[in-house]
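Q: I would like to learn how to read the features of a model from its coordinates. Can we go through them one at a time, with the general idea before the case?

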Amino acid sequence: MVEFSYVIKDELGIHARPAGLLAKMAAGFKSNITLTVNGNAADAKRLISVMKLAAQQGQTAAFTIDGEDEKAAADALKKFMQENL
């Protein structure tokens, strides 16, 4: 299991476009990927679940990744968050 956190810097938070890109990226991995914001957890592979978190600027997005490609998934998601949010 790999875990990491990222403080959202985008002034719009995790809005539709980056949420869609995040879900699409997460779906490309075999591992289970959970995104938690403000105590609410979502399957990062499901766009609607990610959108329901309503993550805002300044909030911490915590990722928990568990599975055979967890290291690669964590590296890719960290890079995505830094570049897009």
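Q: How many residues does H1 have, and how far does H1 reach from its first C-alpha to its last?
A: A word on the source first: this is a predicted model. The expected span of a helix is 1.5 Å times one less than its number of residues. H1 has 12 residues, and the distance from its first C-alpha to its last is 16 Å, close to the 16 Å expected.

Q: Which residues of H1 are buried?
A: A residue counts as buried when its relative accessible area is under 20%. In H1 the buried residues are Pro18, Ala19, Leu22, Ala23 and Ala26. Viewed down the axis of H1, they fall within an arc of 135°, so they line one face of the helix. The exposed residues Ala16, Arg17 and Lys24 sit on the face of H1 turned away from that buried side.

Q: What covers the buried residues of H1?
A: The cover includes E2, H2, E4 and H3.

Q: What span should H3 have at 1.5 Å a residue?
A: The 15 residues of H3 should span 21 Å, and the end C-alpha atoms are 21 Å apart, which agrees. Buried residues in H3 are Glu70, Ala73, Ala74, Leu77, Phe80 and Met81. Down the axis of H3 these buried residues fall within an arc of 130°, so they line one face of the helix. Lys71, Gln82 and Glu83 are exposed on the other side of H3. Among the elements covering the buried residues of H3 are E1, H1, E2 and E4.

Q: How many salt bridges does the structure hold?
A: Side chains of opposite charge can pair when their charged atoms come close. This structure holds two salt bridges. In one of them, Lys30 pairs with Glu68, and the closest N and O atoms are 3.6 Å apart. Lys30 lies in the loop between H1 and E2, while Glu68 lies in the loop between E4 and H3, so the pair ties together parts that are 38 residues apart in sequence.

Q: Are Lys30 and Glu68 buried or exposed?
A: The cut-off for exposed is over 50% relative accessible area. Lys30 counts as exposed because its relative accessibility is 63%. Glu68 counts as exposed as well, at 68%.

Q: Where do Lys71 and Asp75 lie?
A: Both lie in helix H3, four residues apart, which is about one turn of the helix. Lys71 is exposed at 56% relative accessibility, and Asp75 is partly exposed at 38%.

Q: How many aromatic pairs does the structure hold?
A: A pair of aromatic rings is described by the distance of the centres and the angle of the planes. The structure holds one aromatic pair. The ring centres of Phe4 and Phe63 are 4.8 Å apart and the planes are at 10°, so the pair is stacked. Phe4 belongs to strand E1 and Phe63 to strand E4, and the pair links these distant parts of the chain, 59 residues apart. Phe4 is buried at 9% relative accessibility, and Phe63 is buried at 1%.

Q: In what sense do strands E2 and E3 pair?
A: Strand pairing is read from the bridges between two strands. E2 (residues 32-37) and E3 (residues 40-43) pair in the antiparallel sense over four bridges. One of the bridge partners is Ala42 in E3, which faces Leu35 in the pairing list. E2 and E3 form a hairpin with two residues between them, and Asn38 in the turn has a positive phi of about 55°.

Q: Which residues is Thr36 in contact with, leaving aside its neighbours within four places in sequence?
A: Contact here means heavy atoms within 4.5 Å. Thr36 is placed in strand E2, and its contacts on that basis are Ala41, Thr60, Ala61 and Ala62. Thr36 is partly exposed, with a relative accessible area of 24%. Thr36 and Ser5 are 31 residues apart in sequence, and their C-alpha atoms are 9.2 Å apart in space.

Q: Where is the place of Gln59?
A: Gln59 is in the loop between helix H2 (47-52) and strand E4 (60-66). Gln59 is buried, with a relative accessible area of 18%. Leaving aside neighbours within four places in sequence, Gln59 is in contact with Tyr6, Val7, Ile8, Val37, Asn38 and Ala54.

Key
Residues are numbered from 1 along each chain as its sequence is written. This is a predicted model: local features need pLDDT of at least 70, side-chain atom pairs count only at pLDDT 80 or more; totals for chains, interfaces and linings use all residues. Side-chain values use heavy atoms; hydrogens and water are left out. Buried means under 20% relative accessible area, exposed over 50%, partly exposed in between (1.4 Å probe, protein chains only). A salt bridge is a side-chain nitrogen of Lys or Arg within 4 Å of a carboxyl oxygen of Asp or Glu. Rings of Phe, Tyr and Trp (its six-membered ring) pair if their centres lie within 6.5 Å; planes under 30 degrees apart count as stacked, over 60 as edge-to-face and the rest as tilted. The arc is that of the directions from the helix axis to the C-beta atoms.
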